[in-house]
Amino acid sequence: MASTSSSTIPIVDLSKPDAKTLIVKACEEFGFFKVINHGVPMESISQLETEALKFFSMSLNEKEKAGPPNPFGYGSKRIGQNGDVGWVEYLLLNTNDEHDFSLCGKNPEKFRGLLNSYTSFVKKMACGILELMAEGLKIQQKDVFSKLLMDEQSDSIFRVNHYPACPELAVNGQNLIGFGEHTDPQIISLLRSNNTSGLQIYLRDGSWIPVPPDHNSFFINVGDSLQVMTNGRFRSVRHRVLANGFKSRLSMIYFGGPPLSEKIAPLPSLIKGKQSLYKEFTWFEYKNSTYGSKLADNRLGHFERIAA
């Protein structure tokens with residue numbers, strides 16, 4: 001059900017001294033928050049957005065030269081390998097230089113340069129937020145989370161989702177799923193979108209609330225891996241996107257992930273006499289298990305020691 005509740009999305013000003021306290025509270029209650037004064041130049045955001053829109057405005061035939069996603073590349077409608085579909089087309093890219101950009105539009109080198117610049121800013125913000133989380137949780141090792149993104153082997157990815165306007169919706173007033181409900185498996189996700197609505201998050205009371213769009217800010221998702229590392233204190237946020245009848249939506253998401261060989265388990269300092277809720281697993285194992293699941297599945301279920 002959709003909620004009319006006035007649950008307001010937490011807003012964190014990264015330039016203020018109370019940021020770490022607000023971040024911890026938001027991660028415990030929502031697994032989601034909005035950040036302002038984030039330090040990513042608007043120029044970097046808008047230039048990459050413009051280049052992405054140029055790509056999506058090409059003919060389907062041209063775009064499909066960059067697909068199908070295996071796992072990187074261009075995809076349309078189909079999400080993953082297990083039957084999930086949505087009113088969306090997307091580019092899934094590796095954040096290191098291994099990706100072949102030659103198929104990404106008319107000016108691939110420009111795209112690569114803009115993406116590298118943007119991801120370096122966003123990664124810096126992600127690491128800053130993760131360090132504030134560690135401080136807020138009173139963990140002595142400030143870089144306990146951020147070092148996983150800073151690692152040269154960090155398995156981080158970048159995704160651009162384009163949800164075309166769907167005129168039929170404007171006429172009949174129905175909902176159409178753009179991207180089905182799911183949690184993100186990585187540690188942290190940083191999302192920036194244009195000023196088109198559609199994103200919704202799921203609350204503990206079983207209701208969905210819309211996230212008002214704000215193209216000047218970033219939205220932060222707690223991922224499943226961070227839920228495990230905090231032994232369930234932070235909760236990964238279930239979210240979805242509904243298509244819009246009038247305007248297209250473009251969102252750019254940086255998914256900060258650990259190295260494939262990294263062991264993911266609750267941090268000892270956060271257990272302290274409590275029971276560990278999760279079995280230890282490597283990021284490679286968890287990533288593989290998510291590939292074998294549907295979007296809406298409770299992917300952490302297989303790794304719970306007891307009903308978490």
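**View 1. Gln186 sits in the loop between strand E6 (177-182) and strand E7 (188-193).** This is a predicted model, where local features need pLDDT of at least 70, side-chain atom pairs count only at pLDDT 80 or more, and totals for chains, interfaces and linings use all residues. Residues are numbered from 1 along each chain as its sequence is written, and side-chain values use heavy atoms, leaving out hydrogens and water. Helices (H or I, at least four residues) and strands (E, at least two) are DSSP runs numbered from the N terminus. With 7% relative accessibility, Gln186 counts as buried (under 20% relative accessible area; 1.4 Å probe, protein chains only). Setting aside neighbours within four places in sequence, its contacts (heavy atoms within 4.5 Å) include Ile157, Asp224, Phe255 and Trp283.

**View 2. Eight strands make an open sheet with mixed pairing.** The order runs E1-E2-E10-E7-E12-E5-E4-E3. E1 and strand E3 (73-79) each have a single partner strand, so one side of each lacks a neighbour in the sheet. From one strand to the next, the twist averages 25 degrees. Look at E7 and E10: they pair (at least two DSSP bridges) in the antiparallel sense over four bridges. Leu190 stands opposite Ile220 in E10.

**View 3. Helix H1 (residues 19-29) has Ala19, Ile23, Val24, Ala26 and Cys27 as its buried residues.** They span an arc of only 165 degrees around the axis (taken from the directions from the helix axis to the C-beta atoms), which puts them on the same side of H1. They pack against strand E1 (11-13), strand E2 (32-36), helix H4 (108-136) and strand E10 (218-222). After H1 comes Gly31, with a positive phi near 70 degrees.

Note on methods
Buried means under 20% relative accessible area, exposed over 50%, partly exposed in between (1.4 Å probe, protein chains only). Axes are lines fitted to C-alpha atoms, for helices over the stretch in contact, and angles run from 0 to 180 degrees between N-to-C directions.
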